[in-house]
Amino acid sequence: MTWSPAHPETVFTYGAPQLKFGPGAADEIGHDLGALGATRVLVVTDAGVLATGWPDRVAEGIRESGLEAVVHDSAHVEPTDASLAAAIERARADGPFDGFVAVGGGSSIDTAKAVDLLLTNGGDLMDYVNVPVGAGRAPSRPLAPLVAVPTTTGTGAESTTICVLDVLDLKVKTGISHVRLRPTLAVVDPRLTASQPPGVTASAGMDILCHALESWTARPYTSYERKQPGERVPYCGSNPISDLWAERSMSLLAKAFRRAVRDGSDEDARADMALAATFAGLGFGNAGVHVPHANAYPVAGRVR
Ligand SMILES: NC(=O)c1ccc[n+]([C@@H]2O[C@H](COP(=O)([O-])OP(=O)(O)OC[C@H]3O[C@@H](n4cnc5c(N)ncnc54)[C@H](O)[C@@H]3O)[C@@H](O)[C@H]2O)c1
């Protein structure tokens with residue numbers, strides 16, 4: 001049954017980061033950060049991704065452009081309130097920074113979003129976590145430029161306005177959601193995804209499928225009550241633009257998903273999976289997701 005609001009919404013919104021896609025894109029980050037005005041940059045990653053050598057290679061490229069770069073492997077796989085607080089503390093101790101780079105999967109990108117938020121806006125993490133778990137405070141100042149460089153083909157976190165975390169004491173998975181958390185620039189270089197083990201390729205690929213299918217089948221923006229300008233949220237419901245990204249993402253998945261899991265060295269399959277993840281992120285990052293994600297959150301919070 002379709003919900004019929006008394007005053008149906010007539011307006012939808014669409015937001016996206018600047019995007020660089022393709023093999024070689026990760027070698028240009030120093031130039032991009034310089035253009036964004038950064039001088040001293042923190043590269044956030046996790047220990048597993050650090051072992052691939054890519055975070056140090058990205059940091060070296062940044063230094064060759066005349067900027068300072070410090071690498072922290074402070075991201076915890078599936079971030080928690082405790083892991084984010086530790087990453088923020090380490091960044092505060094080594095700061096100040098006027099730019100951030102995340103090299104890794106959703107865990108590293110979300111950790112960098114939280115570090116950027118807290119170093120630019122102050123306060124405690126729980127001030128910003130969604131109500132009713134946290135205080136749901138909106139950042140009052142713009143964040144420093146964040147360049148997000150995904151090494152998994154899944155989350156689309158390089159395009160989205162959320163940071164997902166587990167709150168350990170409450171055994172709940174929740175997030176921080178604000179348009180200021182969207183990375184300034186997404187650099188999607190498929191070379192960085194080639195070392196994903198088959199299990200990571202498979203589970204991250206299922207994330208793409210859920211993002212694309214859920215945003216495509218989400219309640220349309222017209223099924224909500226009309227909002228005032230100040231009430232608009234990043235996730236406005238399915239709309240003609242997010243549908244385009246979701247449909248194209250699913251076509252790419254149908255072609256490349258099995259091949260990328262079976263043979264991680266298949267460069268075409270890796271590139272198609274990177275595009276599929278990006279497209280799904282550009283879609284669900286505006287339309288939102290629904291029942292499957294909502295069901296997964298309380299389960300995910302109990303398996304730490
Ligand atoms: N912010 C968002 O929009 C958003 C969306 C979906 C999911 N998420 C969050 O993202 C997190 C999951 O992120 P993920 O699925 O990208 O994985 P991840 O970042 O948790 O990484 C999974 C594992 O793969 C390893 N890895 C990553 N890239 C690799 C590579 N190229 N080579 C070798 N190993 C590699 C990591 O070291 C880690 O051990 C969860 O916390 C989830 O809630 C965020």
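Predicted model: local features only at pLDDT ≥ 70, side-chain atom pairs only at ≥ 80, totals over all residues.
Residues are numbered from 1 along each chain as its sequence is written, and side-chain values use heavy atoms, with hydrogens and water left out. Local features need pLDDT of at least 70 and side-chain atom pairs pLDDT 80 or more, while totals for chains, interfaces and linings use all residues.

**Exercise 1.** Describe the shell around the ligand and its polar contacts.

*Solution.* 
Step 1: Count the neighbours. The ligand is surrounded by 28 residues, each with a heavy atom within 4 Å of it. Among the closest are Gly106, Thr152 and Ser195.

Step 2: Find where they come from. H5 (106-121) is one of the elements that supply at least two residues, and H5 gives the most, with four. Helices here are DSSP runs (H or I) of at least four residues, and strands (E) of at least two, numbered from the N terminus.

Step 3: Look for N or O pairs within 3.5 Å. The side chain of Asp46 comes 2.9 Å from a ligand oxygen. For a ligand nitrogen, the distance is 2.8 Å to a polar side-chain atom of Thr151; the side chain of Ser195 also has an N or O atom 2.8 Å from a ligand nitrogen.

Step 4: Check the cover. The protein covers 86% of the ligand's own 860 Å² of accessible area (Shrake-Rupley, 1.4 Å probe).

**Exercise 2.** Which order do the six strands of the open sheet take?

*Solution.* 
Step 1: Read the order. It is E1-E8-E5-E4-E2-E3, with parallel pairing; two strands pair if DSSP finds at least two bridges between them.

Step 2: E1 (18-21) and E3 (68-72) each pair on one side only.

Step 3: Inspect one pair. Four bridges join E1 to E8 (residues 185-188), and Gln18 stands opposite Leu185.

Technical notes: Polar contact = N/O pair within 3.5 Å; in protein donor to acceptor, adjacent residues only side chain to side chain.
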